[in-house]
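I opened a new model today and kept notes as I went. Here is what I looked up, in the order I looked.

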Amino acid sequence: FLLFPLVAFAYQNPGTPTGFVNDFAGMLTAEQKHSLEIKISGFEKDTSNELTVVTVSNLGGDTIENFAVKLFEEWKIGKAKNDNGILLLISRDDHKIRIEVGYGLEGAVPDATAFSIITNILTPAFKQGDYFGGINSATDAIISATKGEYQPKENNSNITEL
């Protein structure tokens with residue numbers, strides 16, 4: 001019998017957060033990252049809600065759902081007593097996107113809204129190579145959704161990949 005070691009793919013923290021925008025995949029310029037950081041920081045100051053954008057090169061074989069949940073929990077996104085965090089996770093090489101929402105904001109940003117933002121804003125921009133435009137517009141939509149201003153668009157497609 002030959003014993004082959006089992007390769008287990010499991011969540012691995014991509015690094016230490018350095019703010020609200022953590023571009024581990026190098027998808028943004030310094031100016032773009034700074035612009036997003038200012039906008040998201042203002043959102044946090046105005047509402048106490050925390051929106052964190054994370055890009056990774058790949059998920060190391062993990063699922064986007066598991067990776068997002070583990071990262072959300074490990075980084076403690078949102079205020080503990082309000083559970084008001086939102087994670088926008090982008091895995092560049094896997095072509096996967098996930099919006100993970102804390103329980104405190106699930107009413108404002110339900111799954112249908114997150115799906116709409118991914119399919120109608122992020123995916124088209126990313127297909128055109130406009131990473132900043134997609135992320136910038138998506139953060140605007142997420143912020144609007146928390147205020148009850150963003151309405152999901154109808155989409156007959158169930159495509160969730162880039």
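**Entry 1: the parts list.** I counted the secondary structure and got four helices and four strands. Helices here are DSSP runs of H or I with at least four residues, strands are runs of E with at least two, and both are numbered from the N terminus. Walking along the sequence, I wrote down the pattern β-α-β-α-β-β-α-α.

Some housekeeping before I go on. This is a predicted model, where local features need pLDDT of at least 70 and side-chain atom pairs count only at pLDDT 80 or more, while totals for chains, interfaces and linings use all residues. Residues are numbered from 1 along each chain as its sequence is written, and side-chain values use heavy atoms, with hydrogens and water left out.

**Entry 2: the whole protein.** I looked up burial and found that 43% of the 162 residues count as buried. Buried means under 20% relative accessible area, exposed means over 50%, and partly exposed is in between (1.4 Å probe, protein chains only). The protein exposes about 8900 Å², and carbon and sulfur atoms supply 52% of that. These areas come from the Shrake-Rupley method with a 1.4 Å probe, and for residues only the protein chains shown count as cover. I also checked contacts (heavy atoms within 4.5 Å). Among contacts between residues at least 6 apart in sequence, 66% join residues at least 24 apart.

**Entry 3: α3 against α4.** At what angle do α3 and α4 pack? I read about 160° between α3 (residues 111-127) and α4 (residues 131-146), with the axes 8 Å apart. The axes are lines fitted to C-alpha atoms, for helices over the stretch in contact, and angles run from 0 to 180 degrees between N-to-C directions. That makes α3 roughly antiparallel to α4. For the wording, angles under 35 degrees count as roughly parallel, over 145 as roughly antiparallel, 65 to 115 as roughly perpendicular and the rest as oblique.

I then listed who touches whom. The α3 side includes Ile 117, Ile 121 and Phe 126, and the α4 side includes Gly 133, Gly 134, Ala 138 and Ala 141. By class, this contact has 11 nonpolar, four polar and no charged residues.

**Entry 4: α1 against α4.** Helix α1 (residues 30-47) packs on α4 at about 5°, with the axes 11 Å apart. That makes α1 roughly parallel to α4. Among the residues in contact are Leu 36, Lys 39 and Phe 43 of α1, and Phe 132, Asp 140 and Ile 143 of α4.

**Entry 5: Ala 141.** Leaving aside neighbours within four places in sequence, Ala 141 contacts Ile 117, Ile 121 and Tyr 150.

**Entry 6: two positive phi values.** Most residues other than glycine have a negative phi, so I looked for exceptions. Ser 48 has a positive phi of about 75° and sits in the loop between α1 and β2 (50-56). Ser 48 is partly exposed, at 25% relative accessible area. Lys 76 has a phi near 55° and lies in the loop between α2 (64-75) and β3 (85-91). Lys 76 is exposed, at 63%.

Conventions: Nonpolar A, V, L, I, M, F, W, Y, C, P; charged D, E, K, R; others polar.
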